[in-house]
Amino acid sequence: MNCTGRTEQIWLYCYGELPLTEAEELFKHIETCAACRAELERQRSFLRAVESARLEPPPELVASCRRELAEALLRPRGSESWRGRVADLFRLAGADRLRPPRLASSLALVAVGFLGGWLLANPQISLFSRSEPGGVRVCFIEHGPSGEVRLEIEESRRRWIRGAVAREPVRSLLVAAARDAADPAVRADALEALRQASESPEVRAVFVEALQRDPNPAIRLKALEGLRPYADDPQHRRVLAEALLRDADASVRVMAVELLAASRQPDIVETLQALLGRESDAYIRQRSAGILRAMNASPGIF
Amino acid sequence: MTCGRLGAETAGAEATLIRAAQKGDQEAFERLVRTYDADVLRLAMSLLRSAEDARDIYQEAFLRVWRNLRDFRFDASFQSWLYRIVANLCLDVLRKRKARGHASAVTGNGRLTPDALDILAEPRAEADPQRALFSREVGERVRSALDGLTSRERLVFELRHFHGMRLKEIGEVLGASEEAAKNCLFRATQKMRQALGDFL
């Protein structure tokens, strides 16, 4: 059996880089060669193992990077003067070909950047966030210094909406943005803003929904933050207990147990006892057992 | 030219965005940023194992793109051009770390430092906690094995495995031939398999 060069072929095949004719020829060989079949299986299991090392940037990091980039595009940075930055912007546009309207609009753009002093000073600026809540497109969310937010929405054209989070239409737009599956960074920003309006049942329902359904653990943690003030409420405690028992992400379960434990209400005992029998994370098990001990409760169900 | 990660949008649509951004259209530039920025961050995080360094790379890379976009001639894909900028910035950081005698943000036992751990997310969390735990262990072993590669091998490996780039595109990022990219990836894969050994 001639296996010379087969390892590289198998490897290229697994990477999808082997030409079709060579792949057909390789498979004819593999049908009759146990060693190459084993090598193909090893390479496949290697690829599966590598996949588990994939890192994903959390949406909050993406959102903050976008904010910083937006700020950097509007202001001088490092040794560069603001004139240099503006010159860069103009050079990009082709300064020698600038016509008055474009010059005016470019100047206006720069002016907007400098006029909004709070906009530059505030770390919550989100110029690069977008979502599509129910036909209206939320393009940007800005957090102002006094608790209000400013939203840019796109209907047939973009515009900014500014107002307190608890007031309409800002609240409804944020609720829609928090439910939007398109961009986790926008969902995170929207949930953060909505914490100011958490006295509204509708807003709390959004937190519950995000905790139960959002595929991204960072968003579920945001939702837990929003529910923190309501950790004593029986209805919300049930939601927290469900998250503690069922959430796939250990950091979400850690936060859920901390929120539930904070008020030491007796209903937590049953939840923690159920948890101890199934929890895989050592820290959560240890913490749960500690809480049960502090409450003079047994770690097991009898 | 490939259309990179624009998904439903075609290569032609991406070219239109690039041309608009070249003329100073900020909205077009934003769309380009939003199309690729999570990937840029992932690549920088993977190579540098530091959220703060990845954040710096993100900003510097896109500022360079903004400043130099008018010089982009469509000879390669936009994604390859962007990744080349990111890769060069990351390799510079790694070179500086090496010169300063710093290792990566990975401790002696192969575990990531808190800064790196801060940035780890589990987007495809397993429903089964046992399986999730095993998956996490395997992930740590693989990341530890990645530290045994040279910077160039690691870059090639990351681009192929976590960014789905073809060998030809990886060659464009490296400024090298497809064959050179293939050889580098082959070396990296062999080393990784050796390092993981019986764990597979």
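This briefing looks at aromatic rings, charges over rings and cysteines in the structure above. Welcome to a predicted model, where local features need pLDDT of at least 70, side-chain atom pairs count only at pLDDT 80 or more, and totals for chains, interfaces and linings use all residues. Side-chain values use heavy atoms, leaving out hydrogens and water, while residues are numbered from 1 along each chain as its sequence is written.

**Aromatic rings**

- Over all chains there are eleven aromatic pairs (Phe, Tyr or Trp rings, the last by its six-membered ring, with centres within 6.5 Å; planes under 30 degrees apart are stacked, over 60 edge-to-face, the rest tilted).
- B:Phe29 and B:Trp66 form a tilted pair, because their ring centres are 4.7 Å apart and their planes stand at 45 degrees.
- That pair joins distant parts of chain B, with B:Phe29 in helix H2 (residues 26–48) and B:Trp66 in helix H3 (residues 51–68), 37 residues apart (helices are DSSP runs of H or I, at least four residues, numbered from the N terminus).
- B:Phe29 is buried at 3% relative accessibility, and B:Trp66 is buried at 2% (buried means under 20% relative accessible area, with a 1.4 Å probe and protein chains only).
- Ring pairs also tie B:Tyr36, B:Phe72, B:Phe74, B:Phe78 and B:Trp81 into a cluster.

**Charges over rings**

- The charged end of A:Arg204 sits over A:Tyr230, 4.6 Å from the ring centre (NZ of Lys or CZ of Arg within 6 Å of the ring centre and within 35 degrees of the ring normal).
- B:Arg19 lies over the face of B:Phe74, 4.5 Å from the ring centre.

**Cysteines**

- There are zero disulfides over all chains (cysteine sulfur pairs within 2.5 Å).
- For A:Cys33, the closest cysteine sulfur is in A:Cys3, at 3.5 Å, too far for a bond.
- For A:Cys36, the closest is in A:Cys33, at 3.7 Å, also too far for a bond.

Notes:
Chains are lettered from A and ligands numbered from 1 in the order in which they are written. Helices (H or I, at least four residues) and strands (E, at least two) are DSSP runs, numbered from the N terminus. Buried means under 20% relative accessible area, exposed over 50%, partly exposed in between (1.4 Å probe, protein chains only).
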